[in-house]
Structure formats: C-alpha cells, structure tokens
Amino acid sequence: MAATSKNTGSRQPQKVSGDEIPWNRKHGQSKTISDHVADIVIGLVVLAIVIVVLYPLWFIVIASFSDPTKVAIGQVVALPQGTNFTGYTRIFEDSRIWNGYQNTLLYAVVGTVLNMVVTLPAAFALSRSEFRPRRIIMFLFTFTMFFGGGLIPSYLLYKQIGILNSMWVFILPGAVSVYNLIIARSFFETSIPEELHDAAQIDGMSYFGYFMRIVLPLSSAIIAVIALYYFVGHWNDYFTGLIYIRDSTKEPLQNVLQSILLANQTNSNTAGMTAVAAQRFAEQIKYGVIIVSTLPLLMMYPFLQKYFNKGVMIGAVKG
C-alpha cells in the first residue's frame, strides 16, 4: 500500500480528452481548438463591453481639454487634439465652486453619518424574529416607497418645521432609504449566525451590546456598500437645492455647476467670441463640469470596490 501511494503521488497527471473531464490545468489537460476559439470569442465580447462602457467617459475626459472646434468637427476620437484648458479655467475661476464643494462635502458627510445611524439599528431590529411588530413596521416603510405626499405638501411641511433654505433640508427628509434598509435587513437575517446571539445571551450581553460588539464588526461589507449608496445620493442631489434653497451661499456643487453652465451657454459674447465659437466653448465647459462633479466619486470608488461587490452579493443571496 505504501509503495502504491508513493507511485501514485509521484505520477504525472495524464492528458485527457475534453469529453471526459471539463478543462482544468491541474489535471494536465490541454485545450482543444474549440476551447481556444471560445476563449477568443469571450475575450472579444468582454473587450467590446469594456470599450462601450469606458469610451464615453474617456471621450468626456479628452474633450474637456481639447480644442472645442476640433471636438465639434469630430477630430477628437481617441486622443486629445489641441490642448485647451480654458473650460477648466472658466469653471475654477468662479469663487462659487469652492463654496459648492464645501457645502456638498458637508451635506454628504453629515447626511451619510445620520443615514447609517438610523438605517443600521432599524434594519437590525427588523431582522429579529422575536420583534413582533416588525412586519407592520416593515409594511409602513415599504408603503412610502410607492406613495408620497408630493412636491407642494413637502415644501409646505419643510417650511412649517423650519428646515427650508438650510442644510437640514438635504439631510433630515432622507434620513433613511427604504431600499438600503431592506438590503441591510436581509444581510443581518442571512449572514449573521443566530448562534452568535445565543452565545452573547449566555454571557449576559444585551441587544445593544450584541449589535455594537458583534454584529457591526462582522458587517463591514454591507456598511461600506450602504455608506457608498448614501454618499453618492447626497453628492448627486441637485433637485433639493433647486427647489428648497434660495440662499446662493448654501447651494450644493451640482447647482453651482448648473449655474456656471447656463451662464456660459446664454452668453454669446464670451471674450469677444462669435456665437458659434461661444457655443463650442460652452460645450467644452459642459464636459469640464461633468469631470469636476464626478472626479471625487471616481477617486473614492476603487477603495470601496471590494466591499461593494461582496456586500451586494451577500445581501442578495437570500431574501
């Protein structure tokens, strides 16, 4: 038996045909011509998808600092032509943009912190089977996803409670997202073993202690995902500033960029330009506005990507 085991362990794996065992390099199997063709086709399809997804973003980047005339006549395709940073200069020379960045960062950070403080405990409570009113409360939460009071009642409500034209109008009305609440609740129900709670009870730990000391440290993936959802939502929020803000010093970045874009589109006499040249210059500013508004998110996403993928999959495996 020992000799047999020794010979078996030292024997090299033999190549087998593709019909016997699916291709696996550990079995020493070689690919057939059809396998190589399939790999090439799959690679080309994936490459085409990547190009379709990334090229629009790449075009916006190169068009934002290319000659507007060459962009207009279609000479800018893959590489920038006639480097021109006039659009960015016009954007950043407006002092309002720095105030807009400051406001948006404040609204996004404070709003995301409040969102997490409200969403995670609520989701944990609704995930506990011993919490009897959870089905009724979950129904009331879900009801708000499909029915709302409307714009005018909301405006009157915000005015009555005194948050109109203040930073709190960006934060308090959206303190909890039902969609994110459902994701977090599903995660707690399916990914946190109930045996951990039994062990915590034996040690005399309360629900609050169990949530803070055991559940949250095990939920880093879903916390990162939900925080990213909330942060992006606050960062891209322009409608709230458009409807509920009248003080220009409290406008978020999106509204400031919109004002800069509209001002340059309507001004046909920009720096002595002709109407056609001014329109092309406004197009360059439009591309620059897109980059300025999305660059912080693009820089932040790679650091959260691993949590994002893992958290979404964990929360969606079981419902």
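**Entry 1. Salt bridges**

I began with the side chains of E93 and R90, which meet in a salt bridge with an N to O distance of 3.1 Å. For this term I took a side-chain nitrogen of Lys or Arg within 4 Å of a carboxyl oxygen of Asp or Glu. The model is predicted, so I kept its cut-offs in view: local features need pLDDT of at least 70, side-chain atom pairs count only at pLDDT 80 or more, and totals for chains, interfaces and linings use all residues. Residues are numbered from 1 along each chain as its sequence is written, and side-chain values use heavy atoms, with hydrogens and water left out.

I then looked up the accessibility of the two partners. I call a residue buried under 20% relative accessible area, exposed over 50% and partly exposed in between (1.4 Å probe, protein chains only). E93 is exposed at 54%, and R90 is partly exposed at 24%.

How many salt bridges are there by this rule? I get a count of four.

A further one joins the side chains of E194 and R128, at 2.8 Å from N to O. This pair links distant parts of the chain: E194 is in helix 10, R128 is in the loop between helix 5 and helix 6 (134-146), and they are 66 residues apart. Helices here are DSSP runs of H or I with at least four residues, strands are runs of E with at least two, and both are numbered from the N terminus. E194 is partly exposed at 37% relative accessibility, whereas R128 is buried at 9%. I also noted that R128, E130 and E194 are linked in a network of salt bridges.

R134 forms a salt bridge with E189, where the closest N and O atoms are 3.1 Å apart. R134 sits in helix 6 and E189 in helix 9, 55 residues apart, and this pair too links distant parts of the chain. R134 is buried, with a relative accessible area of 16%, and E189 is partly exposed at 31%.

**Entry 2. Aromatic rings**

I searched the whole structure for aromatic pairs and found 19. F143 and F147 form a stacked pair, with 4.7 Å from centre to centre and 25° between the planes. My rule pairs rings of Phe, Tyr and Trp (its six-membered ring) if their centres lie within 6.5 Å; planes under 30 degrees apart count as stacked, over 60 as edge-to-face and the rest as tilted. F143 is partly exposed at 41% relative accessibility, and F147 is exposed at 54%.

Y179 lies in helix 9 (residues 178-191) and Y229 in helix 12 (residues 220-235), so the pair ties together parts that are 50 residues apart in sequence. Y179 is partly exposed at 49%; Y229 is also partly exposed, at 28%.

Ring pairs link F92, W98, Y101, F231 and W235 into a cluster.

I checked one charge over a ring as well. The charged end of K286 sits over the ring of Y287, 5.7 Å from its centre. The criterion is NZ of Lys or CZ of Arg within 6 Å of the ring centre and within 35 degrees of the ring normal.

F231 lies in helix 12 and is buried, with a relative accessible area of 14%. Contact means heavy atoms within 4.5 Å. Which residues does F231 touch, leaving aside its neighbours within four places in sequence? I found A108, V109, T112, L297 and M300. F231 and A108 are 123 residues apart in sequence and 5.5 Å apart in space, C-alpha to C-alpha.

In helix 11 (residues 207-215), I found G209, Y210, F211 and V215 buried. Their cover includes helix 5 (96-127), helix 9 and helix 10 (194-202).

**Entry 3. Whole protein**

I recorded 15 helices and zero strands. Of the 319 residues, 31% count as buried. Among contacts with a separation of 6 or more, 68% come from residues 24 or more positions apart.
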